[in-house]
Amino acid sequence: MTSVQINLNSIEKVKSFVNEITKFDAEFDLVSGRYVIDAKSIMGIFSLDISKPIDLNIHADTESETTEILDAIKPYVVE
């Protein structure tokens, strides 16, 4: 499992983020406090406080898939 912090502070960012990660077969969880939701669920994301960075857990099968995912979501990752 790989964890990164992402920023989805607008409706457009949420839509484009979900479109990017649905291209992958891996599982994605968003963690905000004690809430854990499926990152591929737009409705789930809007139930979180998106004004702050959110933790994204990536459950990919291979290291190369993880690298590919991280490249795809680079615009959303908090440095």
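Figure 1. The model is predicted: local features need pLDDT of at least 70 and side-chain atom pairs count only at pLDDT 80 or more, while totals for chains, interfaces and linings use all residues. Residues are numbered from 1 along each chain as its sequence is written, and side-chain values use heavy atoms, with hydrogens and water left out. Helices (H or I, at least four residues) and strands (E, at least two) are DSSP runs, numbered from the N terminus.

**Figure 2. Thr66 and its contacts.** Thr66 lies in helix H3 and has a relative accessible area of 6%, which makes it buried. Residues up to four places away in sequence aside, Thr66 touches Thr2 and Ala60. Contact means heavy atoms within 4.5 Å.

**Figure 3. Ser32 in strand E2.** Ser32 belongs to strand E2. Apart from neighbours within four places in sequence, Ser32 is in contact with Leu48 and Ile54. Ser32 and Leu48 are 16 residues apart in sequence, and their C-alpha atoms are 6.9 Å apart in space.

**Figure 4. A nonpolar patch on the surface.** Ile11, Ile42 and Phe46 form the patch and together have about 250 Å² of accessible area. Patches are made of residues with over 30% relative accessible area and no salt bridge; like charges are joined within 9 Å, and nonpolar side chains (Val, Leu, Ile, Met, Phe, Trp, Tyr) within 5 Å. A salt bridge is a side-chain nitrogen of Lys or Arg within 4 Å of a carboxyl oxygen of Asp or Glu. Accessible areas come from the Shrake-Rupley method with a 1.4 Å probe, and for residues only the protein chains shown count as cover. Ile11 is in helix H1 (residues 11-21) and is partly exposed, at 49% relative accessible area.

Key: Buried < 20%, exposed > 50% of the residue type's maximum accessible area, 1.4 Å probe, protein only.
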